[in-house]
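Trainee: Please give me a close look at one part: the contact between the chains. Then carry on into the parts behind that contact.

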Amino acid sequence: MRLMSSPWFAVRNLALAALAATAAAATRPHYGGTLYVEIRQSFETPDPPTTGYGMPDLAQAFAITSWEAGRRAVYAAGENAPGGRPFLDTVEIEMARPLRDQSIDLELGKSDVVELGPGELRRQPAGRKVWASAPVRLVALVFAPRVEDARIREALALAVDRAAIHNVLLQRQGEVSAALLPQWLSGYAFLFPAAADAARARTLVAGLPAAVRAISLGVEDAAARPIAERIALNARDAGLAVSVVPQVAGADARLAEVRISSLDPALALAGMAVSLGLPEPPRAASPEALYAAERALLEGFRVIPLFHLPDAYGVNPRVKGRPGITPLGEWRFENLWVEGGRP
Amino acid sequence: MIAAVKRWHAVLCALPFFIPSGAHAADDVNGAAHDLARQTAVFAGPGQPVSVEYRNVSSLGPAELGQARGAFEAALKEAGLRVSDVAPVAELRLTLSENQSQYLLVEEARKGDERQVWMAAWKRAEPAAAALPGMALDRKLVWEQEEQILDVAFPAAGMLVLSPSKVALYTPRENGSWALGRAVPLAPGKPWPRDVRGRLRVTGASFQAFLPGVECGGAAEPSLSIECRAGDQPWVLESGSHATLLANFAATRNYFDGRVATGNGLRKTMAPFYSATSAAEQGRPLWLLAMLDGRTQIFDAWLETVGAIASWGSDIAGTEASCGGGSQVLATRPGNAGEPDAIQAFAIVNRAATPLTAPVEFAGPVTALWPMSATSALAVVRDPLTGRYAAYVITVVCGS
């Protein structure tokens, strides 16, 4: 709301209103205009991020022209960008915007591209343009080294009712999974059983002392806290005492999210292993070898995969061109244009 | 089915895994089924009964699953095994699956406490081309390649293909295919604009290549040669057999900047436009320009606005087939540039577009549409799945 009264925001709204009034329908890309983007993440760094996904992807074709840490970034088209100058003149990004506010801004035509969480996705009106990546974000439980008893880890893996969380909290977005690599990438994720088995979990931990059965689960992202709390409830049914804490440092386990970084399944698995603190798997040349490598990584239940989720964006109808994200969720705004943009 | 899945999951949790190393790359589903059956025979033992459960988690349909089932069971029999639910020595589950690049047959086999997983993969076929609809517009695929095709022309020596990085001359083989004769690279001083466009114009054995900010002249015989230089020479846009418009192309954009000259010497600066053609309405010549705002403006012979059409895409080309009123405008469909596209022939009647043919549908967007002859145009289509470009000759067919 702070930004609603700022001068740039007012100018932006005027520009959007003007562009909407001259809406066009050319099928060839046309040059000019500004793409307004909102994201939840806040980069409080002195300089724009250069690694990761999203904003760093823009650097291929755009140059940063304005950076207000944690608030706003403006990128301008690079005249000599590979593949030619982007059609857009500028991309303006507003950071730290809650998902709910983003959805409202999209609805009001104040923004062109906003992130959609599971709740917002459900509320999108019929016919709304949505960009979705493949399910590239793995949500997983990751145990700290000090949780040494494998029975505890396996019991928690068996206790989690992934299907219920997927249906209710995630609004069926993405996929339930017990594999590191998603089914679309490996083709064999279904071989990893994801069904809950509370009875077996109870059997595993039945003889263990209460102190061993107590686990702190760290969750830093407030949006993921409902998932952690549901996991704690499931764990209780299995005889485990899981307490959800807001810091991951010092917690017995954490709810982590890692991204697929390659369309090559072997490279993707290696990248995930590194991100999750697992040993790097041997390079696999066949689906069978890859399955063996993935299975070896998951033995011991140090990491418990739960879901694979896509990146999803709601898009203003005035935005034209191919989807502005790749299957991996990388931003590709250089091929977009906006109706009403003028040379 | 659910019960079966649960039972298998219980087994998966309980049993140790044996995963053999080595790739199984098959040619197709039959090859994959044979690969798996051979290993199953070794695992179960000769002449033994095995039970098989099937499921499909791929995008393939029941027919393909049935094919996999038939091939697998035939291969099992060939390998000396019997499929039977009565006292099977081994229980098998075969899953038809897929990933980005392959289809997979995944076999989970259980014999007592022993369990094996085998996988056999084969390459996913490229999607079949869209069916050819319509009778009055005929389309013929003439060339396909990874790199964007800007234009294709047919001098006597063969086929010229203009791409952002080169001009290539292909010569015809006896079997009707094309062999690369020679390719000459294009080296622009700076990167081409995004959505780069280009046009070939053949006159006898020589040709011109129009590109943004670059003008080229060359010859297809005796061997392909071309010389290019930075320049602002207007592009020659023909319509049918006689109407010609000279139009300057904006060097850093994907449109004509509006400076035009007609064949009768009239010069004018219009608003920028993407494409242009002439058409006749009851014998009166008209010019049609697809403007940047999505409308196609209709101009009279003096380039004064007389109307507008709002229902076309940004690419138009003119033909003069003897049917259909003697003048047709081929136009792409309005919509998003990434969507499946279509080309349809229209006549101009009372300053409005009247369809003459059914649309010719394409699986992807039309990225170029240039006039080719009195009765045909050259269309380039990008396949949204493979990213490849295909060039088609679109011909107005009379009397069909």
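Mentor: Start with the rule for touching: two residues are in contact if their C-beta atoms, placed from the backbone, lie within 7 Å. This is a predicted model, where local features need pLDDT of at least 70, side-chain atom pairs count only at pLDDT 80 or more, and totals for chains, interfaces and linings use all residues. Residues are numbered from 1 along each chain as its sequence is written, while chains are lettered from A and ligands numbered from 1 in the order in which they are written.

Now the contact itself. Chain A puts in 40 residues, and chain B puts in 48 residues. On the chain A side, the elements that give two or more residues are α6 (183-186) and α10 (287-298). (Helices, H or I with at least four residues, and strands, E with at least two, are DSSP runs numbered from the N terminus.) The largest share of that side comes from α10(A), with 6 residues. Sorted by class, the chain A side has 23 nonpolar, 10 polar and 7 charged residues. (Ala, Val, Leu, Ile, Met, Phe, Trp, Tyr, Cys and Pro count as nonpolar, Asp, Glu, Lys and Arg as charged, and the others, Gly among them, as polar.)

Step back into chain A. Its domain assignment (automatic or from a database) gives domain 1 (2-133 + 311-338) and domain 2 (137-309). Their centres, taken over C-alpha atoms, are 33 Å apart. Where these two domains of chain A touch, domain 1 supplies 7 residues and domain 2 supplies 8 residues. The domain 1 side of that contact has 4 nonpolar, 2 polar and 1 charged residues.

Stay in chain A for a helix pair. The axes of α4(A) (residues 150-159) and α7(A) (residues 198-205) come within 8 Å and cross at roughly 165°. (Axes are lines fitted to C-alpha atoms, for helices over the stretch in contact, and angles run from 0 to 180 degrees between N-to-C directions.) The two helices are therefore roughly antiparallel to each other. (That label needs over 145 degrees; under 35 is roughly parallel, 65 to 115 roughly perpendicular and the rest oblique.) The crossing of α4(A) and α7(A) is left-handed. (Left-handed: the near helix is turned anticlockwise from the far one by less than a right angle; right-handed: clockwise.) Among the residues that meet are I152(A) and L158(A) in α4(A), and L204(A) and V205(A) in α7(A). This contact of α4(A) with α7(A) divides into 8 nonpolar, no polar and 3 charged residues.

Turn to chain B. The assignment there gives domain 1 (2-123) and domain 2 (137-396). Their centres are 53 Å apart, over C-alpha atoms. Helices α2(B) (residues 29-44) and α3(B) (residues 62-78) pack at about 40°, with axes 8 Å apart. That angle makes α2(B) oblique to α3(B). Their crossing is right-handed. The contact includes V29(B) and L36(B) of α2(B), plus F72(B) and L76(B) of α3(B). By class, the residues of this contact are 9 nonpolar, 4 polar and 1 charged.

Last, the strands of chain B. β9(B) (residues 159-162) and β10(B) (residues 166-172) pair antiparallel over 4 bridges. (Two strands pair if DSSP finds at least two bridges between them.) V161(B) has A168(B) as its bridge partner in β10(B). The two strands form a hairpin with 3 residues between them. β10(B) also runs antiparallel to β11(B) (residues 178-185), joined by 7 bridges. Here P172(B) is partnered by W178(B). This hairpin has 5 residues between its strands, and G176(B) in the turn has a positive phi of about 90°.
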